[in-house]
Amino acid sequence: MRFDVLTIFPRMIDFYISESIIKRAIERGIIEVGVTNIRDFAVDKHLTVDDYPFGGGPGMVMRIEPLYRALTHVKGRQKKHTILLSPEGSVLTQAKAVELSQIKDGIVLISGRYEGVDERISHSIDEEISIGDFILTGGELPALVIIDAVARLLPGVLGDERSNVEESFTGGLLDYPHFTRPAEFMGMRVPEVLMSGNHKEILKWQRQQSLKRTMLKKPELIDETKLTEDDKEIIEQLKEEV
């Protein structure tokens, strides 16, 4: 799968993708990440990519010409799914990450800057995505968040393919607690059931803890999750405990 990031700060992208899991995914040929400097497509000798907004107001606006030229260059004749990173977009969820991971033609991520981008670029994008209801200085971090969230869903990116199945949000619930050695630390012991070797009881405990965490931290997710009869019984017990 190929990601193309349009930005005026390419080194921000280069730095992240040269480390850890994303780096290995690139080396294995599972994903490609192209980074295009919007400034290279400026139309004047000063390589200007922003200007004052028509109608007045604070800040600067990213100009349409370099942005459109960069986008046209990257897409070529291909129909790549184009995303504008914007606080006005729909908030990224795990479900959206899964949806994006199914795209075969590649994804273009436009990282805006300044007060915003010229509205006319909206005619050239497929959707706007935000990573939360807050304002950042630019779209580079959201672009990297999308690359990370989507890439790890692709076969071969994670060392253990079960990781995508057993983590938070995949089944609609938060993940259960995790422990590793030592079995005791400063008087705090790992739950005995996890060292029992009884896989049936371990799975039961993990499901209970997942439901409990979700109830305490993100109870709204319970209503959105398809629950089994056993789940419902566990929830009733947890309600009594709480």
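Predicted model: local features only at pLDDT ≥ 70, side-chain atom pairs only at ≥ 80, totals over all residues.
Local features require pLDDT of at least 70 and side-chain atom pairs pLDDT 80 or more, whereas totals for chains, interfaces and linings use all residues. Residues are numbered from 1 along each chain as its sequence is written, and side-chain values use heavy atoms, without hydrogens and water.

Five strands form an open, parallel sheet in the order β2-β1-β6-β5-β8. Helices (H or I, at least four residues) and strands (E, at least two) are DSSP runs numbered from the N terminus; two strands pair if DSSP finds at least two bridges between them. Strands β2 (32-37) and β8 (127-130) are the edges, each pairing on one side only. Neighbouring strands are turned by 35° on average, direction ignored. Axes are lines fitted to C-alpha atoms, for helices over the stretch in contact, with angles from 0 to 180 degrees between N-to-C directions. Strand β5 (residues 81-91) pairs with β8 in the parallel sense over five bridges. Isoleucine 83 has glutamate 127 in β8 as its bridge partner.

Helix α1 (residues 10-17) packs on the sheet. It touches β1 (2-7) and β2 (contact: heavy atoms within 4.5 Å). The direction of α1 makes about 160° with that of β2. Helix α4 (residues 94-101) also packs on the sheet, touching β5, β6 (107-111) and β8. Its direction makes about 135° with that of β8.

Leucine 141 lies in helix α5 (residues 140-151). This residue is partly exposed (between the buried limit, under 20% relative accessible area, and the exposed limit, over 50%; 1.4 Å probe, protein chains only), at 49%.
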